[in-house]
Amino acid sequence: MGDVLAGNHAVWEFDADSDSVLIRFARGMRTPRLWHALGERRIPLEALSGVTVGTVAPGVGRREAVALRAVPRPGADPLMEAAAGQLKESCDPYRLVLPGDRAEQAAAFAEALRERLGPGGDGDVTPAERFLVAVPQPPLTLKAYDARVGFDGSAVTLHWSRTGASSTKWRAGDQRYALASLAGVEWVSPDRPGGGYLRLRPRDAAEAVIAPDHDLAAAVFGVGYGAVHESLPFAAAVLAALRERAPVGSVPRARVSGERLRHLSELHSTGLLTDAEYETLRARFTAGA
């Protein structure tokens, strides 16, 4: 095993044998619940396009800190593809925060990582032809506000809630979508104002946009239902299964709303995304709009 760097709620370790970085997320009251759900992740170096180190402005009663962030390669991680820039900075699994007095250690780790990525310290920035980072495997279940959603690896089922589902959904009855009938999946974070949803994209779906609470291929989130740590890994698992069935170009990306583009702009303005990352993601998202 290689170098180890321990930060707040996570430990990063180089694994020379597999040419990867192993990220182990700690369990604790302050650890993001998404990290709890992930447990640990092995990130192949070919799934990274770079690494950055920067200071974190201290909050009230807090000391200065430093943040190390690995930059995932476009199309390499189904979790980040499904998130589409919607994760809060504090939940970003590619970001490690350390006390300010450990800035030299963070810089040394970042430099060692750059050396392994290739000449100039940059990895491959072209979209990956396949997913390189593993996500939770089916069978999986998700409790949304208006449905209980299941994924067995071959199909996604939606069993409507008697109290939460709209009359449109209740009258139509439970739905089952085989992977072969799907073109994509869209996840909108439950943390956004107004809540979020998980929407499947059937291949034969009409172009008209249907509100999630009336869409038979969508499950609506709510307070206590569809939390990020439950719904995002679920969406990533479905997306990964779809990618395995078809070439990258044949699985359309979810349409992007103006709100998502605004959120992407916010990430860029706060420094979470570099200029190059922002332009790459914006072009990719709008191309699929």
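Strands are DSSP runs of E of at least two residues, helices are runs of H or I of at least four, and both are numbered from the N terminus. Two strands count as paired if DSSP finds at least two bridges between them.

The model is predicted: local features need pLDDT of at least 70 and side-chain atom pairs count only at 80 or more, while totals for chains, interfaces and linings use all residues. Residues are numbered from 1 along each chain as its sequence is written, and side-chain values use heavy atoms, without hydrogens and water.

Next, show β10 (residues 155-160), which 4 bridges join to the antiparallel β11. A155 stands opposite A178 in β11.

Move to Q86, in the loop between α2 (78-83) and β7 (95-99). Q86 has 12% relative accessibility and therefore counts as buried (under 20% relative accessible area, 1.4 Å probe, protein chains only). Its side chain reaches the backbone oxygen of W187 at 2.8 Å.

Then select W12 and L232, the residues with the most contacts inside the largest nonpolar core, which has 70 residues. Such a core is a set of buried Ala, Val, Leu, Ile, Met, Phe, Trp, Tyr and Cys residues joined through side-chain atoms within 4.5 Å. Helix α5 (residues 228-245) gives the most to this core, with 11 residues.

Terms used:
Buried means under 20% relative accessible area, exposed over 50%, partly exposed in between (1.4 Å probe, protein chains only). A polar contact is a pair of N or O atoms within 3.5 Å; within protein, one must be able to donate a hydrogen and the other to accept it, and residues adjacent in sequence count only if both atoms are side-chain atoms.
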